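Please look at the sequence and the model before reading on.

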Amino acid sequence: MATTVDQLVDNTVEDPSKRAPLVMGGLDNTGITDVVAGVAEREKPPRAWYIAFGIANLLLVMLGANILHLIFTGVGVWGNKAPQFWGWPIVNFVFWVGIGHAGTLISAILFLFRQNWRTSINRTAEAMTIFAVVCAGLFPGIHIGRVWVFYWLFPIPTEHLAMWPNFRSPLLWDVFAVSTYATVSLLFWYMGMVPDIATFRDRSTNNIKRFIYGLLSLGWTGSARAWHRYEMAYVILAALATPLVLSVHTIVSFDFAVSQLPGWHTTIFPPYFVAGAIFSGFAMVVTLMVPARELFGLKDLITIRHLENMNKIIVATGTMVGFAYGIEFFIAWYGANPYEQFAFINRAFGPFAWAYWTMVSCNVIAPQFFWFKKIRTSPWLMVVVCIFVNIGMWFERFVITITSLSRDFLPSSWDYFDPTPVDVMMLIGSFGLFFTLFLLFCRFLPMVAMAEVKSVMPQDEGDAEHEAK
Amino acid sequence: MGTETKRAVTSTQINLGALRNPLLIGGGAAGVLGLCCGALLSMGQGEDWYQKFSASYLVSFCFFMSISLGGLFWVTAMHLTRAGWGICVRRLCEILAMMALPMLVLFLPILIPVVLGWNSSVYSWVNIENITHARDLVEHKAGYLNSGFFTVRSILYFVIWGLLARFYLKNSVNQDSSRDPNTTLKLQSFSAPGMLLFALTVVFASFDWEMSLDPLWFSTMFPVYFFAGGVLGSLCVLTITSVSLQKSGRLTEDITTEHYHDLGKLTFGFVFFWAYIAFSQYLLIWYANIPEETSWFLYRQEGDWQMASIVLIAGHLIVPFFAIMPRTLRRNKTYMAFASIFILVMCWFDHFWLVMPQFRQEFGVIPADVLCLVGLGGLFVASFAWIAGDKSLIPEGDPRLYESLSYHNV
C-alpha cells in the first residue's frame, strides 16, 4: 500500500543537519489516508474499544443518575458547606477546563510557531479540548441550584427577572470566556476536519455513511480555491484562538485571585494557571494518545518523537508551575502579611498537608523524570508519569480552593472538608462522559489530520537538504 | 550530507571589520561624556545628589540589562526548541547575552553604595534605621534585604549569566570554523538546565533591583513583567541592529524580509504579552483593593504621575499594537526599524515608570535621565563592538543555517 520514503527506525535521534522524519514506516500520501481512514472503515473496532466504551458508558450513566439526584434533591447532596461553599464542583470545573488547553495550544500557538510535528496530534487533542470543556461546563451548570433557569447566567433581558448578572463578578466573565473558547475551539476543530471528512465521504462504501459524511464535509471539492480559502481561514482562526488559550485560564484564575482571601490573592495566578492548564492538558493527551495509537495502528503517524516533544512541554510547564509554587511561598514571607503566611504554612503543614504534598510530588517531582530520555521515549512509562500529573493537577485545584477556605479569618468557623459519595461519583462519572465522547470520536471521525500531515512530508518541506541542492 | 564544504552565507562582509573601532571609540566617548555630564549636572542638586543621579542611572541600567537578558533568553530558547528560523540573528543574541559581563562593571555605581551602606543608596532598606514608615515590616525582610546578601546575590546573577553567555558564544564561534554538528547537540542539551538557571536568576534580580525600591510593595507577577519587557526590548534591538548592519553593507544577503517579518511577528506578540501581564497585575491589585498593594499603583495613577501611566499605556501598547499589526508593514524593514526605536523608547520609559516615582513627586524627564540613557547606551554599543570583535555576525557553521536562510513565510 505504500512506497518507501525512509526506513529510519528511531526518529528520536537528533541530527542537526536535517529534520527528523515525522511519518515513519515508509508511509506515503496514500498510505497515510489508508491508515487513518482505515480506523473508521473497519467492520468492527478492536475488542478493547468495546470494553472501554462499555465502562465509559456505565460511568456516564452513574453521572446522569447523580445529576438527577442532585436536581431533585438540591446541592446539599454535595459536601459543600460552611466555610467551603466552593467544594469539588469548582475543583472539577477548573480541572476539566485545564485539560482542555492542550488542543488549542497545539492547533493555534504551535501552528503560529511553525511546529510541524503538531500535525499528527492536533486533531485528537482538539477533540479532547472540546470534550473536556463539555465536562467543565457541566459542573458550574449544575451548581447553580435551579438548573432550569441556567440561561440567567447570560445577560439576557427578561421581563420577569428585573435584574442583570453581576458584571463585576469574574464568575460571569467565566461564562463569556469559556463559551467563547468552546465556540472557537469547536469551529477550529470542525473547520480543520472538513477536508478529511470529505476524504471519508469519497471513500465510504454505503449510502448512509456517504450522506452523513457528505453533509458534514460541506461540499468540499479540494479545489485550489477551496484550499486557498481554507488556509486563510486557518491562519485567522489560529491568530484569534491564541489569545483565547491565555484568556480562559486567566479568567478562571481571576475567580480566585481578585478576592482578598490569603492563598487566593496573588498576582502570578494568571500565567501560572495557564502554564498549569497546558501542563495538565498535555498530560491528558499523552495518557490517551499512547493507548489510542497502539489500538488503532497509528504508530507510524503518532511517533515516539511526537510523544517525546509533548513530554518536553510537560516538563517545561511542570517546572513553571513548580517555580510559581516557590514564588508564592517566597512572597508570602516577603510580603510580611501574617494571614498570608498562615495560609501557606497551613497548606503545607495543616490538616490538608497530605493534599499539598500529593500535589507537589505529582506536579513538580513526577515530570522531572522526563529529563531522562529513556522515560520520555517509553510509551508506558510516560503514561504512568502523565497519570500522576493529572492526579497532581486535580489536587492543585483542591489545595487552592479547599485549604484557603477551610481556615479563613474567623477561627470559630474553621472546618475540615469531607466530600460526599455524590461528589466522588460525579468526578468519576465525568470521566465517563469524557471517555464516551472520545471513544465515539475515535470510531467515527478522522483521528489524525491527514491533509496536514501530508503537507509536512519530506518532499514538500523546504528542509536543509533540499535547499542546499 | 555533503554540504559542509559549501558556504551558505553569501554576503560579502559578515563581520564588523572597519566599523569596530568607530563604534568602540564613538560609543565609549558618548558613554563617558554622557555619564560624566549626568553626574556633574546632578551634583548641583544638594546633599543627596548621588541618590538622584543613581536613580536616573538605575532606570537606564535596568533597561539595558533587561535587553541583554532578552538576548540570553533567545539564545537559550532557540537551542531548547531546535529553532531554525532565527539562526541568522542568533549571533547577535549571543553577543547581547555576553553584555552581562560589561553590565557587571556598570552595576558598580549601584552596588558600591549598598556594600558601603551609604545613605545615598537608591535602596532605602540599606539603612533600616532611616525608615520611618512601617519599619517593622522592612525589618521582617532584613534576612533577605540586606547589603551583604544583596551583593552576593547580584554577583551570583552576573556570574551565572556571564558563564551561560560565554558558553553559548564560545561554542557557537568555534562551530563557525569546525562546522561540527555535535556542537549544536551539546548546546541543545545544555540549554534546558540553562533555562532553569535563567528563570531563577531573573526572578530574583527583578525583585532585588526594581521591586525592592519600595521595600513594602510586593507582587508575585513582577518578574514576569520585567521579563516580558526585556524580551520585547531585545527583539527591537535585533531589528534595529540588523537594519543598521545591512545599511552599512554587512550581512546584506543573509537577513531577509522573512526574518524581519518573523521578528516583527514576535515583537507584536510580546507587545501583547507585556500588556497581558501588566493588565493582569494591575487588575488583581485594583480589584482586591488591599492598601498595602494598591499604594504602589495609586501613586502612579493619581496626581502628577497619572500622565506617565497614560503615556505608558498608549505608547507601550496601543500605538505599537496598531502600528505593527499590518503584515505589509511588518515586512518593511525600514518601517520596522523606526517602529522598534519607538517601542524601545517605551521600554525605557517603562523602567522609568517603575523606578522614578520612588524618588520624585512630579513627573518629568530631566536632563540627567537622558544623559544616563545616552551614556549607558554609548557604553552598550561600545561593548557590542568589543565583544563582536572580528567574529562573524552570523553563525556560519550552524547546520540549520540553510533552513533559516531559505525560509519563506507563506
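A residue is called buried under 20% relative accessible area, exposed over 50%, and partly exposed in between (1.4 Å probe, protein chains only). With 32% relative accessibility, Tyr151(A) therefore counts as partly exposed. Tyr151(A) lies in the loop between helix 5 (122-143) and helix 6 (170-203) of chain A; helices (H or I, at least four residues) and strands (E, at least two) are DSSP runs, numbered from the N terminus.

This is a predicted model, in which local features need pLDDT of at least 70, side-chain atom pairs count only at pLDDT 80 or more, and totals for chains, interfaces and linings use all residues. Residues are numbered from 1 along each chain as its sequence is written, chains are lettered from A and ligands numbered from 1 in the order in which they are written, and side-chain values use heavy atoms, with hydrogens and water left out.

The pLDDT is the predictor's confidence in each residue, from 0 to 100. Its mean over chain A is 89, and 96% of the residues of chain A reach 70 or more.

| Stretch of chain A | pLDDT | Contacts in the model |
|---|---|---|
| Residues 1-7 | under 50 | 21, beyond four places in sequence |
| Residues 460-469 | below 50 | 17, beyond near neighbours in sequence |

Where pLDDT is low, predicted coordinates should not be read in detail.

Chain B has 15 helices and zero strands. Of its 410 residues, 60% are buried. The C-alpha atoms of chain B fill a box of roughly 70 × 40 × 40 Å along the principal axes.

Notes:
Contact = heavy atoms within 4.5 Å.
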